Amino acid sequence: LFCVAFVSSLLLQVAHSQEDGTETAQTAQQQYQQFVHPLTNMPGAAEDIETSYLFPDHSDQKFPIGEVVTVLCHFSNDDQYAYNVTAIMGSLNSPYDFNFHVQNYSYKPIGVVVRPGDEFTFEYQFQLHPDLQPVEYALAHTVFYDDERVSYSSTFFNQTVELYYPTDDFNLKTAAQLSFSILSTIALIFVSLYLCFPELNFGMGSSHSKRGGRGTKSKEEWLDDGVN
């Protein structure tokens, strides 16, 4: 009887564990289904909110692949209500189909209340994936905010940008130094040969000297001819 009771207890524990695991999986699945990506079905912008952008290090909107890029979002509240700026997020999209996201960037919480008549500038950094190709993409950045009743979003940048492979300054400097060393060595060899073997004269004035040598006599030769 003791063995039967022990086995029954183990079976009940296993059954409860399976039920708990099933409930956990179902809860996770429900949470996943309820999750809405911030860049999906974004709310509209508030009428009296103005936004602008600035890329302080890349005003030409050409960005180096694999490096961190900084964008500034200027947020101006011309409304009579205060707005809570909650977050900024960006994405890199196909220039042919904006719905195709090539890369989503981090959701950066802000948590700053902008009162009526005030304005703030927020910094947002994102890193371009090193495997991206040096072609054009659509880049978009959005700021999210609310007035405690309604949620809003303003896409402060949405344009086509160009990516490029960054040039290694160290390699350029090394190449320049190497080129200078090679040219200096060639010049030193040239001068050494000219000083050690002046008769070579490297082709300069040789034909003139030869022509002068055939048709010109020295003073002693003219005197000898006169005596004879």
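Ile 182 is found in helix 2, which covers residues 169–196; helices (H or I, at least four residues) and strands (E, at least two) are DSSP runs numbered from the N terminus. With a relative accessibility of 45%, Ile 182 counts as partly exposed, where buried means under 20% relative accessible area, exposed over 50%, and partly exposed in between (1.4 Å probe, protein chains only). Together with Leu 183 and Ile 186, Ile 182 makes a nonpolar surface patch of about 310 Å². Patches are made of residues with over 30% relative accessible area and no salt bridge, with like charges joined within 9 Å and nonpolar side chains (Val, Leu, Ile, Met, Phe, Trp, Tyr) within 5 Å.

The structure is a predicted model, in which local features need pLDDT of at least 70 and side-chain atom pairs count only at pLDDT 80 or more, while totals for chains, interfaces and linings use all residues. Residues are numbered from 1 along each chain as its sequence is written, and side-chain values use heavy atoms, with hydrogens and water left out. The mean pLDDT (the predictor's confidence in each residue, from 0 to 100) is 78, and 64% of the residues reach 70 or more. Over residues 206–213 the pLDDT is below 50, and this stretch has one contact in the model beyond near neighbours in sequence; contact means heavy atoms within 4.5 Å. Residues 27–35 also stay under 50 in pLDDT, with zero contacts beyond four places in sequence.

Now for the overall plan. The protein has four helices and nine strands, and along the sequence they follow the pattern α-β-β-β-β-β-β-β-β-β-α-α-α. Of the 228 residues, 23% are buried. The accessible surface comes to about 16300 Å², and 56% of it belongs to carbon and sulfur atoms; such areas come from the Shrake-Rupley method with a 1.4 Å probe, and for residues only the protein chains shown count as cover. Among contacts between residues at least 6 apart in sequence, 68% join residues at least 24 apart.

The loop between strand 1 (49–54) and strand 2 (62–64) holds His 58. His 58 is buried, at 13% relative accessible area, and touches Phe 63, Pro 64, Val 69 and Tyr 164, leaving aside residues up to four places away in sequence. A polar atom of the His 58 side chain lies 3.4 Å from the backbone oxygen of Lys 62. Gln 61 belongs to the loop between strand 1 and strand 2 and is buried as well, at 15%. The phi of Gln 61 is near 60°, a positive value in a residue other than glycine. Most residues other than glycine have a negative phi.

Val 150 is partly exposed, at 39%, and its C-alpha atom is separated by 9.5 Å from that of Ala 46, 104 residues apart along the chain. Glu 148 lies in the loop between strand 8 and strand 9; Glu 148 is exposed at 79% and has a positive phi of about 75° although it is not a glycine.

The structure holds one salt bridge, a side-chain nitrogen of Lys or Arg within 4 Å of a carboxyl oxygen of Asp or Glu. The side chains of Arg 149 and Asp 147 meet in this way, at 3.3 Å from N to O. Arg 149 is exposed at 62%, whereas Asp 147 is buried at 10%.

How values were computed: Polar contact = N/O pair within 3.5 Å; in protein donor to acceptor, adjacent residues only side chain to side chain.
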